[in-house]
Amino acid sequence: MIGSGAPQWINSLMDTFGAPGAGLAIALENLFPPLPSEVILPLAGFAASTGQMSLVAALLWTTAGSVVGALALYGVGALLGRERTVAIASKLPLVKVADIERTEKWFARHGTKAVFFGRMIPVFRSLISVPAGVERMPLPVFLGLTTLGSAIWNTVFVLAGYLLGENWQDVTGYVSAYSKVVLVGAGLAVLLFVGRRLLRPGAGRRRG
């Protein structure tokens, strides 16, 4: 067993498959954001420090896993398409077609930056792939930005685990704090949106 502080399924993947197991765990983390990337990445680094896998293999496979997971969510967005997205979103409370149109315009201007930097923000690093698929961002551009952003994020935490060795769990505390700040910020943004929409005259009416 590599790390006693990690969930058993992560240990099992890395014990059985080595670096590819770490890549598979990261792919699953992209598809299911609550899974702990702040555990998987430094744990892979620690495993590399013990010789169970090479550091280069850990970096390559975790980055490949990130890209595969992101590509799957991009596919979900592409299959969903704009029409279905608009139809679903327009049925949500307090959401108007105008909100969707503004979001589309924003993504058209800032989509490349959102995909790149979004790979370094917990939860959003997974979710950003869906609107990229809905808006049909050119696949080579999406893959390039996702690979580069994921490589930076993964390298930081794999190297931290590698250098900390048996103290790799120290990394998780910092990442968890960062994640909480991001989630609180997102929650406040949602509350602000809802508050403004409820207080605006004609609240609840949608444009056709």
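The side chains of Ser150 and Arg119 are joined by a polar contact of 3.3 Å. The model in which this pair occurs is a predicted one. Ser150 belongs to helix α8 and is buried, its relative accessible area being 0%. The chain that holds this residue has 9 helices and 0 strands, and 44% of its 208 residues count as buried.

**Surroundings of Ser150**

- Helix α8, in which Ser150 lies, spans residues 139–164.
- When neighbours within four places in sequence are left aside, the contacts of Ser150 are Thr63, Ser66 and Arg119.

**Overall organisation**

- Read from one end of the sequence to the other, the chain follows the pattern α-α-α-α-α-α-α-α-α.
- Of the contacts between residues at least 6 apart in sequence, 76% link residues that are at least 24 apart.

**The buried side of α1**

- Helix α1 covers residues 8–17, and its buried residues include Ile10, Asn11, Leu13 and Met14.
- These residues lie on the same side of α1, because the arc they cover around the axis is only 160°.
- An α-helix has 3.6 residues a turn, so residues three or four places apart point the same way.
- The cover over the buried residues of α1 includes α2 (19–31) and α3.
- Just after α1, Gly18 adopts a positive phi of about 70°.

**Packing of α1 against α2**

- The axes of α1 and α2 come within 6 Å and cross at roughly 145°.
- From α1, the contact draws on Trp9, Leu13, Met14 and Phe17; from α2, it draws on Ala19, Pro20, Gly21, Ala22, Leu24, Ala25 and Leu28.
- Sorted by class, the residues of this contact are 10 nonpolar, 1 polar and no charged.
- Leu28, placed in helix α2, is partly exposed, with a relative accessible area of 27%.
- Leu28 and Gly69 are 41 residues apart in sequence, and their C-alpha atoms are 6.6 Å apart in space.

**Packing of α1 against α3**

- Helix α3 runs over residues 37–49, and its axis comes within 11 Å of the axis of α1, with a crossing angle of roughly 35°.
- The crossing of α1 and α3 is right-handed.
- On the α1 side the residues that meet α3 are Trp9, Ile10, Asn11 and Met14; on the α3 side they are Val39, Ile40, Leu43 and Ala44.
- The contact of α1 with α3 comprises 7 nonpolar residues, 1 polar residue and no charged residues.
- Trp9 and Met14 take part in the contact with α3, and both residues are also listed in the contact with α2.

**Gly45 and its surroundings**

- Gly45 lies in helix α3 and is buried, with a relative accessible area of 0%.
- Beyond its neighbours within four places in sequence, Gly45 is in contact with Val158, Gly161 and Tyr162.
- Gly45 and Asn154 are 109 residues apart along the chain, and a distance of 9.8 Å separates their C-alpha atoms.
- Gly45 and Val56 are 11 residues apart in sequence and 9.9 Å apart in space, C-alpha to C-alpha.
- Val56 has its place in helix α4 (residues 55–89) and is exposed, with a relative accessible area of 54%.

- Arg136 is found in the loop between α7 (129–134) and α8 (139–164).
- Although Arg136 is not a glycine, its phi is positive, at about 55°.
- Arg136 is exposed because its relative accessible area of 55% is over the 50% cut-off.

Key
Residues are numbered from 1 along each chain as its sequence is written. This is a predicted model: local features need pLDDT of at least 70, side-chain atom pairs count only at pLDDT 80 or more; totals for chains, interfaces and linings use all residues. Side-chain values use heavy atoms; hydrogens and water are left out. Axes are lines fitted to C-alpha atoms, for helices over the stretch in contact, and angles run from 0 to 180 degrees between N-to-C directions. Helices (H or I, at least four residues) and strands (E, at least two) are DSSP runs, numbered from the N terminus. A crossing is left-handed if the near helix is turned anticlockwise from the far one by less than a right angle, and right-handed if clockwise. Contact means heavy atoms within 4.5 Å. Ala, Val, Leu, Ile, Met, Phe, Trp, Tyr, Cys and Pro count as nonpolar, Asp, Glu, Lys and Arg as charged, and the others, Gly among them, as polar. Buried means under 20% relative accessible area, exposed over 50%, partly exposed in between (1.4 Å probe, protein chains only). A polar contact is a pair of N or O atoms within 3.5 Å; within protein, one must be able to donate a hydrogen and the other to accept it, and residues adjacent in sequence count only if both atoms are side-chain atoms. The arc is that of the directions from the helix axis to the C-beta atoms.
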